[in-house]
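Dear colleague,

I am handing over the structure below, and I would be glad if you could read my notes with it open beside you.

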Amino acid sequence: MYFTDHTTVFHNGEWLHVSEIKADLYSQTMHYGLGAFEGMRAYKTPLGTQIFRANEHYRRLLASCEMMGIKCDYSVEDLVAYSYELLNKNNLKNAYIRPLAYMDANMALRSASSANLFICAWEWGPLLGEKLLKVMSSSFQRPNPRSLHVEAKVSGHYVNSILAANEAKANGYDEALLTDMNGNVAQGPGANFFFEKDGVLYTAPRGHILPGITRATIMELARDLDIRVREEFFKTEDVEGADAAFFTGTAAEVIGFESLNGIKFKKPWDTTHGYTLRHAYKSLVLSAEAHIIDVV
Ligand code: PMP
């Protein structure tokens with residue numbers, strides 16, 4: 001699913017056939033989860049295939065590397081150029097792009113001096129599908145920001161996401177909603193969270209969340225559409241039975257909730273701000289303008 005017999009990937013400055021890539025089982029990323037990655041989407045637009053907010057994603061990758069002591073000596077401009085070249089070489093138009101900075105063999109508990117950069121891409125549908133989600137409050141909380149750099153997109157952090165998603169699936173739900181260490185609602189395993197009450201959207205402030213690029217885009221679109229968004233802390237009880245809710249993320253895009261913990265949201269999805277924003281987001285990523293304003 002992620003590659004075919006003809007897939008080309010980027011690895012440390014070279015273009016290789018995917019079969020030439022060898023994983024190092026002694027890698028510090030394998031053993032301890034020290035690695036940084038990104039996920040971005042390319043869309044076919046009237047200007048040709050464009051990667052949505054590519055500069056922002058690569059800035060976040062370099063920031064994640066910096067926070068984690070991972071050496072990644074590439075400029076945002078070069079990384080963006082490689083990504084377009086990757087799409088070209090693989091003849092991909094609508095695609096998901098995954099850069100990963102991973103470590104060499106190192107069993108010490110200090111960041112190894114050198115990192116490798118791998119970039120691959122594949123065609124990928126919406127991460128959480130297209131149907132409204134039945135979500136459960138997770139018994140797993142987001143990591144304590146004093147334990148990890150929660151704003152960095154680090155491989156090892158995703159063990160927390162996997163635990164929460166597994167638990168939700170095992171209990172017959174589609175997805176999980178995690179609280180932070182203080183019991184405030186934070187986000188999903190791989191997406192940010194908004195809910196609607198009395199015409200206002202609420203989302204968790206920065207501090208315990210991964211501040212998503214889609215979340216920021218949705219807040220900009222909401223501003224343009226005169227939809228009020230408040231970044232503040234709230235509890236599960238505030239969300240249960242509210243008017244509506246949705247997740248945002250590059251892979252998931254904007255996807256609505258049917259229920260939280262079996263309690264349905266009040267408004268029909270197609271009458272909500274989430275629905276309006278889902279469509280505004282789709283038109284934005286598919287338009288030419290979105291990409292012109294994304295400057296380094
Ligand atoms: N939170 C987590 C944990 C994620 O993995 C993602 C996806 N990168 C998001 C939020 C959403 O971020 P973005 O909108 O930048 O894709």
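To sort residues by class, Ala, Val, Leu, Ile, Met, Phe, Trp, Tyr, Cys and Pro count as nonpolar, Asp, Glu, Lys and Arg count as charged, and the others, Gly among them, count as polar. With these classes, the shell around the ligand is made up of five nonpolar, eight polar and two charged residues.

Please keep in mind that this is a predicted model, in which local features need pLDDT of at least 70 and side-chain atom pairs count only at pLDDT 80 or more, while totals for chains, interfaces and linings use all residues. Residues are numbered from 1 along each chain as its sequence is written, and side-chain values use heavy atoms, with hydrogens and water left out.

The ligand site

Which residues are closest to the ligand? Of the 15 residues that surround the ligand, the closest are K153, Y158, I213, T214 and T250, where a residue is near a molecule if one of its heavy atoms lies within 4 Å of it. Helix and strand names follow DSSP runs numbered from the N terminus (helices are H or I with at least four residues, strands are E with at least two), and α5 (213-224) and β14 (244-249) each give at least two residues to this shell. The side chain of T214 places an N or O atom 2.5 Å from an oxygen atom of the ligand, a polar side-chain atom of T250 is 2.6 Å from a ligand oxygen, and a side-chain N or O atom of Q187 is 2.8 Å from a ligand nitrogen. The protein covers 95% of the 380 Å² of accessible area that the ligand has on its own, as computed by the Shrake-Rupley method with a 1.4 Å probe.

Salt bridges

Side chains of opposite charge can pair when their charged atoms come close. A salt bridge here is a side-chain nitrogen of Lys or Arg within 4 Å of a carboxyl oxygen of Asp or Glu, and a search of the whole structure finds 14 of them. One of them joins R41 and E253, whose closest N and O atoms are 3.9 Å apart; R41 lies in strand β4 (residues 40-45) and E253 in strand β15 (residues 253-260), 212 residues apart. Both R41 and E253 are buried, which means under 20% relative accessible area, whereas exposed means over 50% and partly exposed in between (1.4 Å probe, protein chains only).

Another salt bridge pairs K134 with E258, again with closest N and O atoms 3.9 Å apart. Because K134 belongs to strand β8 (residues 133-141) and E258 to strand β15, the pair ties together parts that are 124 residues apart in sequence. K134 is partly exposed at 38%, and E258 is partly exposed at 25%. E258 also meets K264 in a salt bridge of 3.5 Å, N to O, and K264 is exposed, with 54% relative accessibility.

Cysteines

How many disulfides does the search find? The answer is zero, a disulfide being a pair of cysteine sulfur atoms within 2.5 Å. For C72, the nearest cysteine sulfur is that of C65, 4.4 Å away, and for C120 it is that of C72, 15 Å away. C72 counts as buried at 15% relative accessibility, and C120 is buried at 11%.

Technical notes: A polar contact is a pair of N or O atoms within 3.5 Å; within protein, one must be able to donate a hydrogen and the other to accept it, and residues adjacent in sequence count only if both atoms are side-chain atoms.
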